[in-house]
Amino acid sequence: MSEHHSMLEKYLAGFAPLTEKDISDSLPFWKPRKIKKGDFFNMQYMVCNDLGFVAKGIFRIYYSHPETAEETNIFFFSENQFIVSFRSFITRNACHYFIQAMEDTEIIYISYQDLRGLYTSHANWTTFGRLLAEQFFTYSQTRAEELLFFSHEQRYVRLLDEHPNIINRIPAYHVSSYLGIKNPSLSRIRKRIGR
């Protein structure tokens, strides 16, 4: 059993009411994958076929405007988080954005078909599916509320709470894009809050 599978087992046990048998029965379906910096977990206009668990690294979700090619960062995923384009994954429709590795990354992933098989064969895995849906709904609604109700500085603090080392690991312009500001504004915010 790999170190990453051990990380996954521990996370699954805390995430959903899965028994040891539920988890052990699922392990053959979880496959390791390394994704190089700059490569993609999923691409715009493609169906997302896998649910990943980030064992190492940071990913960004970003939208590329079809006319200007301007990129806007929407979300980040890092260690001990599931990664997926959830709407695409469950509806089997194409994704509207890219999911790109910002470092050399390592994930463990399960296919849509294999996860659906677990839902059918193990009642507790259906609870996992509900909790996963609730988590990604919460991510989506929280992001929408941040853009509507929070200042840039408040968004920055929340980002640091979610991904404490992100500033040291990715270029500042990616953080600025996520916050909806320019780099000089980010520098001022960082000086003000001293984190």
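pLDDT is the predictor's confidence in each residue, from 0 to 100. The protein chain in this predicted model averages 89, and 97% of the residues score at least 70. Local features need pLDDT of at least 70 and side-chain atom pairs count only at 80 or more, while totals for chains, interfaces and linings use all residues. Residues are numbered from 1 along each chain as its sequence is written, and side-chain values use heavy atoms, with hydrogens and water left out.

Helices (H or I, at least four residues) and strands (E, at least two) are DSSP runs, numbered from the N terminus.

Now the cores. A nonpolar core is a set of buried Ala, Val, Leu, Ile, Met, Phe, Trp, Tyr and Cys residues joined through side-chain atoms within 4.5 Å. Buried means under 20% relative accessible area, exposed over 50%, partly exposed in between, with a 1.4 Å probe and protein chains only. The largest core has 37 residues, and Leu51, Phe59, Phe82 and Phe128 have the most contacts inside it. Helix H5 (residues 123-149) gives the most to this core, five residues. A second, separate core has 15 residues, including Val175 and Leu179. Both Val175 and Leu179 are buried in helix H8 (residues 172-179). Gly180, with a positive phi near 80°, follows H8.

Last, backbone angles. Tyr45 is not a glycine, yet its phi is positive, about 75°. Tyr45 sits in the loop between strands S2 (40-42) and S3 (50-56), and is exposed at 56% relative accessible area.
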